[in-house]
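These are my notebook entries on one protein. I wrote down what I looked up, in order.

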Amino acid sequence: MCFFRKKKNNQASIDDSDQKYDFKKLRRDLETEYTVQGQLTTGGYGYSMGIKARKASNEELLKMAKEMNFKLEKYSK
């Protein structure tokens, strides 16, 4: 846990790597994917991960997308 964060949640620092992805679309797709998983298989875990995706920073979204094997080329600007 980091007590001295410069920016919270969706306000992550913007650099060149952040500019090449559409994070709104990625966030929406991750929320949808986790919600569907929660309803069909994992229950509360999928629901909680959907909430986590809603509040995640851009870096966390990329990490979650890689764990879910999303094709990041789809979200390139």
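I began with the order of the elements, which from the N terminus on is α-α-α-α. I counted four helices and zero strands in the protein. I noted that the model is predicted.

Next I looked up burial and surface. Of the 77 residues, 34% count as buried. The protein exposes about 6,000 Å². Carbon and sulfur atoms supply 52% of that area.

I then checked how far apart in the sequence the contacting residues lie.

I asked myself: at what angle do α2 and α4 pack? Helix α2 covers residues 23-42 and helix α4 covers residues 58-67. Their angle is about 50°, and their axes are 10 Å apart. Angles from 65 to 115 degrees count as roughly perpendicular and those under 35 as roughly parallel; α2 and α4 are therefore oblique to each other. I also recorded the handedness: α2 passes α4 in a left-handed crossing.

Last, I listed which residues meet. From α2 I wrote down Phe 23, Leu 26, Arg 27, Leu 30 and Tyr 34. From α4 I wrote down Asn 58, Leu 61, Leu 62, Met 64 and Ala 65. I sorted the residues of this contact by type and got eight nonpolar, one polar and one charged.

Conventions:
Residues numbered from 1 in each chain as written. Predicted model: local features only at pLDDT ≥ 70, side-chain atom pairs only at ≥ 80, totals over all residues. Heavy atoms only, no water. Axes fitted to C-alpha atoms, helices over the stretch in contact; angles between N-to-C directions. Helix = DSSP H or I, 4+ residues; strand = E, 2+ residues; numbered from the N terminus. Parallel < 35°, antiparallel > 145°, perpendicular 65-115°, else oblique. Left-handed = near helix turned anticlockwise from the far one by under 90°. Contact = heavy atoms within 4.5 Å. Nonpolar A, V, L, I, M, F, W, Y, C, P; charged D, E, K, R; others polar. Buried < 20%, exposed > 50% of the residue type's maximum accessible area, 1.4 Å probe, protein only. Areas by Shrake-Rupley, 256 points an atom, 1.4 Å probe, with all protein chains shown as cover.
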